[in-house]
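Let's take a friendly walk through a protein model together. Have a look at the picture first, then read on.

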Amino acid sequence: MFQCQDFQATLYEFVAGELLPEQRQEAEKHLLGCEACATNLQEYRQTIEAGWTLPQVPPPPRLLERFREALAEQEAMDEPRPANGDS
Ligand SMILES: [Zn+2]
């Protein structure tokens, strides 16, 4: 089962077409139900199309930062955890 963090970890391979067929299938399935990852993928592709030729470097920090924010938002929705600091 593909989670957002798995998708993030394989984003480069996904865009580069280097995922195994089953991984790709899982990633695509995840994308259908995850707006955050779909948006992130789109931006990643746009960044590449805007002048990158799939360099062997990680995505720009700003993109990752944005993605982390989206991820945090989603996690907050998925698992509402009351923060009443009672520990
Ligand atoms: Zn996701």
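The mean pLDDT of the protein chain is 83, and 82% of its residues reach 70 or more. Where pLDDT is low, the predicted coordinates should not be read in detail. This is a predicted model, in which local features need pLDDT of at least 70, side-chain atom pairs count only at pLDDT 80 or more, and totals for chains, interfaces and linings use all residues. Residues are numbered from 1 along each chain as its sequence is written.

**The overall layout**

Helices (H or I, at least four residues) and strands (E, at least two) are DSSP runs, numbered from the N terminus. The protein chain has five helices and zero strands, giving the order α-α-α-α-α from the N terminus on. Confidence is highest in helix H3 (residues 21-33), at a mean of 94, and lowest in H5, at 80.

Two residues are in contact if their C-beta atoms, placed from the backbone, lie within 7 Å. Among the contacts in the protein chain with a separation of 6 or more, 54% are between residues 24 or more positions apart.

**The core**

A residue is called buried if 20 or more other C-beta atoms lie within 10 Å of its own, exposed if 12 or fewer, and partly exposed in between, with C-beta atoms placed from the backbone. Of the 87 residues of the protein chain, 13% count as buried.

A nonpolar core is a set of buried Ala, Val, Leu, Ile, Met, Phe, Trp, Tyr and Cys residues joined through C-beta atoms within 7 Å. Which residues make up the largest nonpolar core? There are nine: Cys-4, Phe-7, Leu-11, Phe-14, Ala-36, Cys-37, Tyr-44, Phe-67 and Leu-71. Helices H1 (4-9), H2 (11-16), H4 (35-49) and H5 (61-78) each supply at least two residues of this core. H4 gives the most, with three residues. In soluble globular proteins, nonpolar side chains tend to be buried together.

The expected span of a helix is 1.5 Å times one less than its number of residues. Here are the two helices against that rule.

| Helix | Residues | Expected span | C-alpha distance, end to end |
|---|---|---|---|
| H3 | 13 residues | 18 Å | 19 Å |

In H4, the buried residues are Ala-36, Cys-37, Asn-40 and Tyr-44. Seen down the axis of H4, these buried residues fall within an arc of 90 degrees, so they line one face of the helix; the arc is that of the directions from the helix axis to the C-beta atoms. An α-helix has 3.6 residues a turn, so residues three or four places apart point the same way. On the other side of H4, Glu-35, Gln-42, Gln-46 and Glu-49 are exposed. The cover over the buried residues of H4 includes H1, H2, H3 and H5. H3 itself lies largely in the open, because the number of its 13 residues that are buried is zero.

Is Ala-36 buried or exposed? Ala-36 counts as buried because it has 20 C-beta neighbours inside 10 Å. Not counting residues up to four places away in sequence, Ala-36 touches Cys-4, Ala-70, Leu-71 and Gln-74. Ala-36 and Ala-70 are 34 residues apart in sequence, yet their C-alpha atoms are 5.9 Å apart.

Gln-3 lies in the segment before H1. With 15 other C-beta atoms within 10 Å, Gln-3 is partly exposed.

Conventions: pLDDT = per-residue confidence, 0-100.
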